[in-house]
Amino acid sequence: DSAQHALAVIAKLLARGQARDDDSDRVARLGLNAIASRTVSTLQPLAEERGITLAFDAEDAQPVVTTSATAIRQILLNLLTNALKFTPQGGDVRVVTGYLPDGAVFLVVRDTGDGIGDEAVARAFSDLPAEIHTRAGGGHGIGLPLVRRLIGEIGAAIEFDSAPGRGTVVLVSFPKVSGQRS
C-alpha cells in the first residue's frame, strides 16, 4: 500500500509538467476516516520503534470529503512523519477527524513534540527549496511546502498552532460537501 502510494505521488509530481487534464488522480467523495485510519496504521511501526503513542480518534459520523485520495494521504503522511520526527520518546501523536460548526470537515494532527516558533513555521511552509539537501534531524525540508501546495490544489485550508516546548496542532479543513450535516 505504501509503495503504491509513493509511486502515485511521484507519478503525479512528474506529470505536473505535462497536461493538466490527467485523470490518474480523480477528485472523488472519500471517507476521511478510512484514509486516516490506513495512514495511521502505515506509520504505527515507526511510532512504536520511537516509543511514541500514535492514535486515531475517528468521528463516528463518517465525514466525507471531495478531494484526491493521493493528495489527502500525502498531506497526512507528511504531517504525521514530522510529528513523529519531532516528538520525543514517551510522547503522543494524535489524528482527529470531525466537523466544524458550519458543517465543514476537519482533520487535526496534534503532537506533544518540541514545537516551533512563528518564524520557523513561516520558513517551513515557504516554497519548495530550489536545491534539496538533507537537514539536521533528518528530512529534506520539502514536507511542509508540499503540504501547503497540496492544500491549495484541493481547496482546503490549513492552520498551524505551535510554540517551542508546547507541541504542535495542525488543522486541515475541507469545504462542506453538499448533503453533509450542517
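Trainee: At about what angle to β2 does α2 run?

Mentor: This is a predicted model, in which local features need pLDDT of at least 70, side-chain atom pairs count only at pLDDT 80 or more, and totals for chains, interfaces and linings use all residues. Residues are numbered from 1 along each chain as its sequence is written, and side-chain values use heavy atoms, with hydrogens and water left out. Helix α2 lies across β2, β4, β5 and β7. With axes fitted as lines to C-alpha atoms (for helices over the stretch in contact) and angles running from 0 to 180 degrees between N-to-C directions, α2 runs relative to β2 at about 170°.

Trainee: How many helices and strands does the protein have?

Mentor: Helices (H or I, at least four residues) and strands (E, at least two) are DSSP runs, numbered from the N terminus. Along the sequence they follow the pattern α-β-α-β-β-α-β-β-α-α-β-β. The totals are five helices and seven strands.

Trainee: Which strands are the edge strands of the open sheet?

Mentor: The sheet has five strands in the order β2-β4-β5-β7-β6, with mixed pairing; two strands pair if DSSP finds at least two bridges between them. Within this sheet, β2 and β4 are parallel and share five bridges, with leucine 54 opposite valine 93 in β4. Two strands pair on one side only, and these edge strands are β2 (53-57) and β6 (157-163).

Trainee: At about what angle to β5 does α3 run?

Mentor: Helix α3 lies across β2, β4, β5 and β7. Relative to β5, the helix runs at about 20°.

Trainee: Is serine 68 buried or exposed?

Mentor: Serine 68 lies in strand β3 (residues 64-68), where four of the five residues are buried. Buried means under 20% relative accessible area, exposed over 50%, and partly exposed in between (1.4 Å probe, protein chains only). Because its relative accessible area is 3%, serine 68 counts as buried.

Trainee: How far from a polar side-chain atom of serine 68 does the backbone nitrogen of alanine 71 lie?

Mentor: The side chain of serine 68 also reaches the backbone nitrogen of threonine 70, at 3.3 Å. For alanine 71, the backbone nitrogen lies at 3.0 Å.

Trainee: Which residue of β3 is the bridge partner of arginine 29?

Mentor: Strand β1 (residues 27-31) and β3 run antiparallel and are joined by five bridges. In β3, the partner of arginine 29 is threonine 66.

Trainee: How far apart are the end C-alpha atoms of α5?

Mentor: The expected span of a helix is 1.5 Å times one less than its number of residues. The 12 residues of α5 should therefore span 16 Å. In agreement with this, the end C-alpha atoms are separated by 17 Å.

Trainee: Which residue follows α5?

Mentor: Within α5, the buried residues include Leu150, Ile151 and Ile154. The residue that follows α5 has a positive phi, near 75°, and is glycine 155.

How values were computed
Polar contact = N/O pair within 3.5 Å; in protein donor to acceptor, adjacent residues only side chain to side chain. Contact = heavy atoms within 4.5 Å.
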